[in-house]
2 protein chains.
Amino acid sequence: MTTPPVTVIGNPVSPYVRKILAICAMKGIEVAIDPITPFRGDDAFSAISPLRRIPVWIEDGVTLCDSSIIAQYIEDTRPQPSILPADPKDRARARWIEEYADTRLFDVLGWKLFFQIAIKPRILKEPMDRDAVEHAKAVEIPETFDYLETLMPTEGYLFGASPGLADFSLAPAFLNARVVGTEIDAARWPKLAVWLNRVETDTPMKRLNAVALAFMTTRLADQPAVMAEHGYILAERSHDGGRAMRGPMSPV
Amino acid sequence: MTTPPVTVIGNPVSPYVRKILAICAMKGIEVAIDPITPFRGDDAFSAISPLRRIPVWIEDGVTLCDSSIIAQYIEDTRPQPSILPADPKDRARARWIEEYADTRLFDVLGWKLFFQIAIKPRILKEPMDRDAVEHAKAVEIPETFDYLETLMPTEGYLFGASPGLADFSLAPAFLNARVVGTEIDAARWPKLAVWLNRVETDTPMKRLNAVALAFMTTRLADQPAVMAEHGYILAERSHDGGRAMRGPMSPV
């Protein structure tokens, strides 16, 4: 087996990493994955990712950071099948949904739920901010879901019959919310619930979410083996020290 | 005089607004500007900009938010002269510099200096966070400038002889820092200082910075007239209520 020419550094527990890996799967791009430990990373990692974000894309000696920029780079260099609609205004709308997912949706589902409930007490050994969790559940999540419901299609994906950037940006964080007890109320947000089920069932996100779930109950040392068991190609591990990272799952 | 087909909502005090207006100037795109009051905005504004960000781009009844998405939309629809380099890896690097400017650089020069020193006490009538200001000056700004110095060209602009997205994204926030007393130490960061002077002297940023400076010493009611005096076309004002905005100058 030859090593793929692209390495992706990033743990699939991160929605941003799953976004990029779903795009790769859709475009048939083989990558080697280094599932770096979330919230840790040494100075070598800082050098290649100045804002300590994942995923990182390495190809031909060039290192790219930020999942939005990586997604656009993939689209620029491997345009078929496209992850963006053809009309420029629709392309802008798709990129806006990506931006909303990366900042607002991940802020409430990621930082205020998953990070507070699952990461702070268990990984970082710090208390969770219960007020932030309750405020997210009572106010911010309903506001966010109300807005997303207005964007949802009645069939297919956000921009037609095939999934694309907007779908793969928006869907992953819902898994992180679900594992800490927050699901979409399908009676209140029916189109959102149906769309999410479609992305999680009928696209490459299905296998990626399965890996992410498995990672959450697997010791760090065993995570690479889990990745391999799910059929992914492992890269050499090289940027995985013991120092807490400032923001590897921050908006990217 | 006919009204231009594009309206930009946004106050030029915002670096994100100046980024977009500089791109318009470079490409020869006429726009009508609604210089919305910073940090205020009514519910009608929330409806068109869900994250209450400026600038907002309105064209043919379509509303686009987020300066990065607007910039890419402008490039998609008016490709000449291009604001992005031709090579896909260089394009990704230019977009990375934009992302770094919009998040990290504006976090330290905008939120931790300009917002704390100039906006909180004077506009919002709240005390500044002196610790945040001191930490930014002692630690974060030097770190940020050290990184930017490594990106700087020895001549011309970041990606060649013409300014582009990366230059127009990175340059504006330095004005906001300067008006609250922080300048680039040219002995320590010589390439950064020379590059900034070039963007501020030889590109459309010169006129935009002049407007921004004038705005900072002009009463809100008189700001539109200042815009017109500098040769910009005013749009109808329509989204300017009295409620404090949550984040109109947040990364966009």
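Visitor: How many helices and strands are there in chain A?
Guide: In this predicted model, chain A contains 10 helices and 5 strands. The radius of gyration of chain A is 17 Å, close to the 18 Å that the globule rule gives for 252 residues, so chain A is as compact as a globular protein of that length. Its C-alpha trace spans about 45 × 45 × 30 Å along the principal axes.

Visitor: What percentage of the residues in chain A is buried?
Guide: A residue is called buried when its relative accessible area is under 20%. By that criterion, 59% of the 252 residues in chain A are buried. As for the surface, chain A exposes about 10,100 Å², and carbon and sulfur atoms supply 52% of that area.

Visitor: Which share of the contacts in chain A joins residues 24 or more positions apart?
Guide: Among contacts with a separation of 6 or more, residues 24 or more positions apart account for 75% in chain A.

Visitor: How far apart are the mean positions of the positive and negative charges of chain A?
Guide: Chain A has 28 positive and 33 negative charges, and their mean positions are 2 Å apart.

Visitor: Let us turn to single residues. Is C65(A) buried or exposed?
Guide: The relative accessible area of C65(A) is 5%; the limit for a buried residue is under 20%, and therefore C65(A) counts as buried. C65(A) belongs to strand β4, residues 62–65 of chain A.

Visitor: Which residues does C65(A) touch?
Guide: Leaving aside residues up to four places away in sequence, C65(A) touches I48(A), S49(A), P50(A), P55(A), I70(A) and, from chain B, W96(B). Sequence separation and spatial distance are read separately: C65(A) and I9(A) are 56 residues apart in sequence, while their C-alpha atoms are 9.8 Å apart in space.

Visitor: Where is R78(A) placed?
Guide: R78(A) lies in the loop between α3 (67–77) and α4 (88–119) of chain A. Its side chain makes a polar contact of 3.1 Å with the side chain of E59(A). Beyond four places in sequence, R78(A) touches E59(A) together with V6(A), K27(A), I29(A), W57(A) and Y73(A).

Visitor: What may be read from F106(B) in chain B?
Guide: F106(B) is located in helix α4, residues 88–124 of chain B. With a relative accessible area of 3%, F106(B) is buried. The C-alpha atoms of F106(B) and E236(B) are separated by 29 Å, and the two residues are 130 residues apart along the chain.

Key. Residues numbered from 1 in each chain as written. Chains lettered and ligands numbered in written order. Predicted model: local features only at pLDDT ≥ 70, side-chain atom pairs only at ≥ 80, totals over all residues. Heavy atoms only, no water. Helix = DSSP H or I, 4+ residues; strand = E, 2+ residues; numbered from the N terminus. Polar contact = N/O pair within 3.5 Å; in protein donor to acceptor, adjacent residues only side chain to side chain. Contact = heavy atoms within 4.5 Å. Rg over C-alpha atoms; globule rule 2.2 N^0.38 Å. Buried < 20%, exposed > 50% of the residue type's maximum accessible area, 1.4 Å probe, protein only. Areas by Shrake-Rupley, 256 points an atom, 1.4 Å probe, with all protein chains shown as cover. Lys, Arg positive; Asp, Glu negative; His and termini not counted. Charge placed at Lys NZ, Arg CZ, Asp CG, Glu CD.
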